[in-house]
Amino acid sequence: MSKTVKTVDLSHTAGLYYGPATISSGKVLHIAGQPGNTKDGHVPKDYESQIHLCLFNLRKLIIAAGADIKDIAKLNVYIVDYDVNNRKHARPLQRFFGKHRPAQTLVPVPKLAVPEWLIEIDAIVALPEPSLPPVLPAASENADVIVIGAGLAGLTAALDVIQSGLSCIILEARDRVGGKTWSQQTYDGKGHIDVGAGWLNDTNQSRVWAIAKRYGAEVIVQNTQGKAVLENWEGNVFSFEYGEVPNFDEETRKNVTEIRDMCEAECQQLDTWRPRNTELDAMTFEAFLRSRGASKAAMGTATVWTRAMLGVEPCDISALYFLNYCKSGGGLLIMRSDRKDGGQYLRVRGGTQTLSKGLASSLPEGVLRLETPVQSIVQEQGGSLKVQAGGAVYSATKVITTLPGPALKNISFYPPLPPAKRAWTESLYYGYYTKAMMEFKTPFWVERGFCGLANSFIGPAGVIRDSCIPQDNKYVLTCFMGGEPGRAWAALSTPEREKTLLEQIGKLYGVSNVEDQFLKMTAYEWVHDEYAGLGCPCTTLPPGVLDTLGGDGLRAPVGNLHFAGTETAGEWKGYMEGAVRSGSRAAAEAVKDLNGPITARL
Ligand SMILES: Cc1cc2nc3c(=O)[nH]c(=O)nc-3n(C[C@H](O)[C@H](O)[C@H](O)COP(=O)(O)OP(=O)(O)OC[C@H]3O[C@@H](n4cnc5c(N)ncnc54)[C@H](O)[C@@H]3O)c2cc1C
């Protein structure tokens with residue numbers, strides 16, 4: 001090969017007569033056709049799963065060459081038996097590009113080189129100039145450990161570090177603590193509403209419960225007395241006892257129950273921290289459900305789960321990632337439950353931000369720096385780090401970032417993060433997820449014998465939950481808009497959003513004059529919040545990433561840079577509990593290196 005052409009090879013394909021990608025003149029990356037297979041050559045049967053794998057294969061090569069998705073100049077997309085009415089590649093590709101718009105040619109083909117391949121993509125990428133180390137002035141302050149982010153993970157990490165006798169500074173971009181715990185006032189200012197995390201429990205969420213107790217949080221048990229409601233694909237509404245399977249016909253009931261129990265059993269078999277299963281990770285959750293014989297109603301039920309838990313459609317998420325997400329919270333049934341031990345058992349009367357504010361109140365003075373967004377992190381030759389934030393430079397022996405993966409994009413790292421870490425963090429994405437709290441004058445649903453829980457296959461709200469604060473005479477229904485119906489709802493004006501939710505509420509609980517009861521809608525769109533990483537409640541992964549890069553890939557330290565935040569958690573990933581546990585885990589890593597093992601606990 002000439003000196004001006006270099007091969008990029010992640011899969012050790014030296015035995016082949018062609019390279020997966022080549023760089024010419026140091027400036028252009030040519031990527032050979034990438035099919036939708038795993039690193040071991042496994043090809044899932046369905047087209048949609050192959051699309052995700054194909055894009056991940058492209059991403060890996062682009063990152064390995066030191067480039068970025070926004071450097072793609074041209075793509076050729078080859079699709080077998082292309083059907084203009086079934087453009088399943090469009091959504092994953094749009095998400096892959098973000099705001100970037102490369103030139104693209106779609107080539108329908110009768111077949112590809114390997115009979116199982118249904119899609120193949122090749123690409124030309126313009127390589128960026130290698131980045132030079134930023135020249136940072138001398139640090140004005142120094143600490144043993146710098147923690148980035150004052151959400152539950154960051155506050156916990158900082159307190160653990162301080163309790164071990166080391167010095168610590170927390171750099172937080174916002175003017176408040178709490179991150180995704182954020183409590184606002186009700187209509188009349190006499191109660192609290194959570195626009196972020198709302199629910200916790202007092203058993204298997206032991207760390208967050210300890211914090212709630214420590215700071216005197218008053219809790220409200222979730223109302224599960226009375227009937228629940230289901231709205232099916234046709235818009236028909238059924239009521240049934242909370243905890244039962246809805247009254248479908250006998251065959252459908254059996255199938256819905258079997259699919260639910262099968263998901264529970266499959267998730268329980270996975271390792272919580274390091275799940276491995278190439279076949280499960282090669283397919284979307286939707287393909288997995290179809291392969292197990294899910295009926296239309298079972299698919300609707302599973303769609304309620306993925307929308308309500310992560311804001312995604314079953315076709316957007318790896319089956320392995322979703323099942324492991326369930327396992328991390330003790331299993332699908334526990335995560336979906338509003339009763340004892342369940343993910344939605346208790347609420348905090350003063351709002352969950354009470355917990356974050358409580359932790360912040362325990363910090364020694366001067367540790368917390370609000371309105372200090374971190375822009376760059378430089379690891380120097382000797383291993384120490386410089387952090388540039390809010391116009392100042394800080395230095396530390398260890399840095400713990402608690403940022404969600406997509407928010408890491410706002411920070412320049414030097415040296416750049418290793419390719420595997422980049423592939424992990426850049427593959428993480430948020431679905432669409434918004435909570436709208438609807439305040440009413442009376443709990444009319446309770447008066448009609450409903451507990452407030454409603455599930456809908458069609459939306460706009462996929463799930464509705466009672467969020468009353470009886471002590472404060474506050475009567476609230478929280479509507480969860482997730483996935484595609486959520487996006488459609490988000491495209492409406494605020495009055496239209498209110499109107500559609502009121503119509504749905506009226507229909508679900510059989511009330512004709514719901515507008516007369518209505519006081520106020522409170523909603524916050526995390527999808528526009530750059531410090532949340534443009535979404536919530538937790539990031540998710542398409543097929544291919546988890547099994548290829550391994551469960552530890554996201555949380556593994558890079559030199560003296562440590563990674564926390566709820567999405568790095570083993571247990572209760574995506575929840576407050578996961579955030580707290582991740583903060584302690586990262587603090588223990590840092591402290592162990594600096595000081596020996598950590599012993600203090602809240
Ligand atoms: C709508 C919604 C509903 C939820 N429901 C529940 C629930 O019922 N139960 C539950 O347990 N969990 C729930 N969650 C999830 C829960 O809120 C999170 O898992 C948890 O709060 C995450 O904590 P964290 O510290 O990992 O991250 P975050 O809270 O995201 O904290 C990260 C911090 O980093 C800061 N930051 C970002 N960029 C920078 C930068 N460049 N420089 C400095 N600082 C930066 C951010 O401002 C933020 O404060 C919900 C979340 C949302 C949004």
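Visitor: Which residues of β24 lie on one side and which on the other, and are they buried or exposed?

Guide: A residue is buried if 20 or more other C-beta atoms lie within 10 Å of its own, exposed if 12 or fewer, and partly exposed in between, with C-beta atoms placed from the backbone. In β24, Tyr 475, Leu 477, Cys 479 and Met 481 are on one side, Val 476, Thr 478, Phe 480 and Gly 482 are on the other, and all are buried, so both faces are covered. That makes 8 of the 8 residues of β24 buried, so the strand is largely enclosed by the rest of the structure. Strands here are DSSP runs (E, at least two residues) and helices are too (H or I, at least four), numbered from the N terminus.

Visitor: What should I know about the model itself?

Guide: This is a predicted model: local features need pLDDT of at least 70 and side-chain atom pairs count only at pLDDT 80 or more, while totals for chains, interfaces and linings use all residues. Residues are numbered from 1 along each chain as its sequence is written.

Visitor: Which strands pair with β24?

Guide: Two strands pair if DSSP finds at least two bridges between them. Strand β21 (residues 433-440) pairs with β24 in the antiparallel sense over 8 bridges, and Met 438 stands opposite Leu 477. Strand β23 (residues 463-466) is also antiparallel to β24, over 4 bridges; there Asp 466 has Leu 477 as its bridge partner.

Visitor: What does UniProt list for Phe 480, and what does Phe 480 touch?

Guide: The unreviewed UniProt entry lists Phe 480 under "binding site". Such annotations may be inferred rather than shown by experiment; positions follow the numbering used here, and feature names are shortened. Phe 480 is found in β24 (residues 475-482) and counts as buried with 24 C-beta neighbours inside 10 Å. Two residues are in contact if their C-beta atoms, placed from the backbone, lie within 7 Å. Not counting residues up to four places away in sequence, Phe 480 touches Ala 308, Lys 435, Ala 461, Gly 462 and Val 463.

Visitor: Which residues touch the most other members of the largest nonpolar core?

Guide: A nonpolar core is a set of buried Ala, Val, Leu, Ile, Met, Phe, Trp, Tyr and Cys residues joined through C-beta atoms within 7 Å. The largest one has 169 residues, and Val 145, Ile 146, Cys 168, Val 387 and Ile 400 touch the most other members. Helix α1 (residues 47-64) gives the largest share of this core, 9 residues. Beyond four places in sequence, the contacts of Ile 146 include Ile 169, Leu 171 and Val 387.

Visitor: What is the strand order in the open sheet of 6 strands?

Guide: The order is β1-β2-β3-β6-β4-β5, with mixed pairing. β1 (5-8) and β5 (103-109) are the edge strands, each pairing on one side only. Strand β4 (residues 72-80) runs parallel to β5, joined by 7 bridges, and Tyr 78 stands opposite Val 107.

Visitor: Where is Ala 569 found?

Guide: Ala 569 is in the loop between β26 (561-563) and α18 (576-595), and is buried, with 27 other C-beta atoms within 10 Å. Ala 569 and Trp 273 are 296 residues apart in sequence but 8.0 Å apart in space, C-alpha to C-alpha.

Visitor: How many helices and strands does the protein chain have?

Guide: The protein chain has 18 helices and 26 strands. Buried residues make up 51% of its 602 residues.
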